[in-house]
Amino acid sequence: RLFPWVSCALLSCICVILQLCHGSQEIVPNFLGTDEDGNIKFQLKNDDDIKNNSKFVNISRKLGSKVSISPPLIFKFDLFKSKNLLKLTSKELKEIKKAVKKTLQDSLLNSNNKNIAVVQNVFFKTQPMRKSKGKFSFTVESDIITSQVTQSGAVKSSAYKLIKKKTNMAMSDRKLESNLPKQPVLFSMFPTTRLALQEFYNSKGGKGKFPQHYRNGLEALLYGQEDVQTGNFNKARKRVENIFAKQPLYSDTWVQSHTMFGLNVGSPIAYYGLRMLDFVTRVGDIPTIGTLQMTVVVAPCASVTRVTLPNYKMETVQLKISKDILKHDSNILRQSTDLFRRWVKAITGGLEVKLVVYKMKQCTTVTSTDQASKKIVLAYPDSTQMIRSVPDDIYGNTNFWMVIAPSGVPGDGSAYDRYFITGGMGIYGNNQPLFIADDKHFTQKISHIYNGPYSAVENRAYQPQWFQHEFMHHLYGKWSNFELEKTGHMWFDRSTWPSDFEGKWEPDYYSESIDKRLLNASPSLADGLSAYERIPSKIGNRELNIVKGLYAENQITNGWHIVYLYPSSQDENNILMWSNAAGVTWRFNRESDSLFSENSSPYGRNELKFIFAQEAVTHFVERFNYEKLVPDKIGSKSLAHLVGEYIRYPIENPWHTIRLQKISNSKMSWTNNANVSWNLSKKSNSLYSDPSSSPYGEEEILFLFAPPGSTSVVAGLQVGPDIYMKTYE
């Protein structure tokens with residue numbers, strides 16, 4: 001082996017070039033490939049070479065690994081490429097080993113831990129060497145692939161200087177020149193699949209404690225994922241084909257012993273991930289046609305309301321987020337979402353999912369609700385407040401949202417006769433998917449079937465199952481015309497599956513849904529998941545009438561969350577009125593290209609910004625985010641849902657305040673404050689004024705529902721060009 005315990009290709013490549021230029025002693029090995037343990041092997045050319053160099057060159061750790069799992073940690077220098085790795089002299093090895101050890105001592109978080117790290121995966125791309133005046137020169141080109149590296153992930157200057165010094169000394173002895181980078185090379189912290197599995201098996205007494213089918217499925221998934229991460233799609237494809245040949249799809253083997261030791265690698269074992277990997281490798285390494293941004297908003301702390309024993313009364317505690325969530329450049333989130341993000345790229349035909357993690361500057365709240373009759377406790381963070389905290393540049397480019405807050409589950413929940421639900425799928429803004437989770441979702445199994453902390457292996461095997469499950473809810477809702485979720489979780493009842501669907505379990509249903517329905521959807525998955533640019537803009541020189549309309553927040557709890565904007569009759573070009581469903585009104589004044597509220601408004605002075613799509617306003621942002629509502633037919637909604645008072649702004653006469661009352665299942669009355677009344681009739685899924693009693697003849701009455709895309713709250717109604725906002729306290 002080149003290194004008994006470490007492979008540092010950054011240094012070895014430099015010394016490779018030294019050996020290449022060693023006159024008659026030049027030795028060029030043949031590349032043999034890698035073994036199952038990830039060792040890269042080289043063989044010398046002939047017997048003479050073997051006589052001169054008795055040991056084969058065997059470099060620890062497979063080059064190219066980008067696996068994002070921990071612990072244990074692997075420190076990976078980013079990133080250069082080379083195929084010219086040769087045996088070094090013992091003196092050179094000794095000097096390099098000292099330099100690497102010094103790097104670890106200076107850079108690692110805990111230099112006293114002997115098992116903390118292995119240095120691996122430094123790649124060089126070298127230009128052809130040229131001989132000039134007895135000296136050789138080469139160029140090193142950076143090819144950094146890790147997009148975000150924290151400050152703690154930078155090699156300290158002192159350590160880098162030592163590496164550079166030792167390298168230059170060796171090169172000077174050989175009369176060579178180099179152009180090593182002046183700045184320290186960055187590194188990230190990732191362990192390999194082999195080490196992670198070793199840690200996983202050893203935690204339960206060794207690999208032999210696990211059934212063969214368990215190991216087969218788990219290892220096929222993790223090694224296959226690693227293959228894809230390193231660009232070896234063909235190798236990953238063979239792994240998938242081999243595992244499904246050994247353990248056929250839909251076989252009951254997949255569910256045997258899936259709960260052993262309280263571990264959670266998915267149920268069926270690694271099956272969700274393998275079905276996702278199956279699609280990824282079937283599509284192959286497709287080119288990127290665009291990006292989708294998945295923004296994870298992390299609350300550093302929260303005021304958490306949670307249940308207590310023995311009477312399940314609520315207590316409020318102040319909790320901090322688990323350090324593991326943000327540690328090492330949010331490594332746990334990157335590893336947990338990796339396969340999901342690759343799968344989304346595959347099903348969209350090339351939209352790469354970029355992960356952005358944003359840590360809030362303030363705390364949030366987590367509220368628990370005890371549903372004693374169902375033996376369920378719901379514990380959710382204030383996702384709207386969390387998303388509102390995101391800066392405009394991140395917010396405006398986000399397609400998928402995720403919020404993570406301190407958990408509302410006391411301990412692991414095992415002392416409670418309840419099932420804790422702390423996450424799921426929601427929507428935000430323009431029907432964007434919103435993943436909701438707490439920190440324990442990634443760090444601690446809540447005691448129902450599984451128990452104990454999550455390991456790196458479990459996060460890589462189980463989390464794809466959770467992300468896919470929640471995401472399919474979103475896809476089925478967005479492409480509801482396929483009726484793939486007519487009732488909640490209908491796939492758990494095999495008799496409800498479409499007749500052309502094959503399989504037995506939930507992941508089979510998902511796979512069939514993608515292949516036989518959603519890949520042919522209109523709009524396409526790529527178009528449907530790509531939100532327009534959502535960066536708030538000033539009003540500019542636009543007419544105020546363009547923003548006139550009824551708006552609502554995503555979560556509505558009172559009348560302040562429904563707003564009607566309209567130009568003032570005093571000055572239609574420079575004054576915009578804000579009236580909410582609680583009956584409170586204030587104004588915004590145009591100042592140059594902006595709109596500002598007056599100091600006397602309930603929120604003081606704030607600028608009002610808008611999100612425009614092809615010059616039609618879709619959202620506006622004052623202190624919050626409101627989406628413009630679109631009128632729709634009443635459909636099958638009960639008329640009782642429409643009963644209430646409605647106001648047309650500005651109120652200019654008694655006819656602008658009206659009340660709807662139900663007469664029967666198909667009739668209502670419209671009465672204004674001038675005591676003029678007429679009837680409304682329901683027909684063809686819509687509501688019409690009765691021409692025999694209405695002073696306006698027959699007119700269709702449309703309704704505006706909130707949140708957008710739902711019918712949960714009636715925000716207002718529209719007759720012709722006039723909008724009436726429903727009043728709420």
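1. A residue is called buried when its relative accessible area is under 20%, exposed when that area is over 50%, and partly exposed in between, using a 1.4 Å probe and protein chains only. By this definition, buried residues make up 55% of the 729 residues in the protein chain.

2. Before going further, please keep in mind that this is a predicted model, in which local features need pLDDT of at least 70 and side-chain atom pairs count only at pLDDT 80 or more, while totals for chains, interfaces and linings use all residues. Residues are numbered from 1 along each chain as its sequence is written, and side-chain values use heavy atoms, with hydrogens and water left out.

3. The protein chain contains 15 helices and 34 strands, where helices (H or I, at least four residues) and strands (E, at least two) are DSSP runs numbered from the N terminus. If a contact is taken as heavy atoms within 4.5 Å, then 64% of the contacts with a separation of 6 or more are between residues 24 or more positions apart.

4. Which strands pair with strand 15? Strand 9 (residues 290–298) pairs with strand 15 in the parallel sense over five bridges, and strand 18 (residues 432–438) also runs parallel to strand 15, joined to it by five bridges; pairing here requires that DSSP finds at least two bridges between two strands. As individual examples, Met294 has Phe400 of strand 15 as its bridge partner, and Met402 has Phe435 of strand 18.

5. The largest nonpolar core has 79 residues, and Leu218, Trp343 and Met402 touch the most other members; such a core is a set of buried Ala, Val, Leu, Ile, Met, Phe, Trp, Tyr and Cys residues joined through side-chain atoms within 4.5 Å. A second, separate core of 21 residues includes Val297, Val356, Tyr428 and Leu434.

6. A search of the whole structure finds 24 salt bridges, each being a side-chain nitrogen of Lys or Arg within 4 Å of a carboxyl oxygen of Asp or Glu. One of them joins the side chains of Asp227 and Arg239 at 2.5 Å, N to O. Asp227 lies in helix 6 (residues 212–229) and Arg239 in helix 7 (residues 233–246), so this pair ties together parts that are twelve residues apart in sequence. Both Asp227 and Arg239 are buried.

7. Another salt bridge links Asp338 with Arg342, whose closest N and O atoms are 3.0 Å apart. These two residues both lie in helix 9 (residues 323–347), four residues apart, which is about one turn of the helix. Are they buried or partly exposed? Asp338 counts as buried because its relative accessibility is 7%, while Arg342 is partly exposed, with a relative accessible area of 27%.
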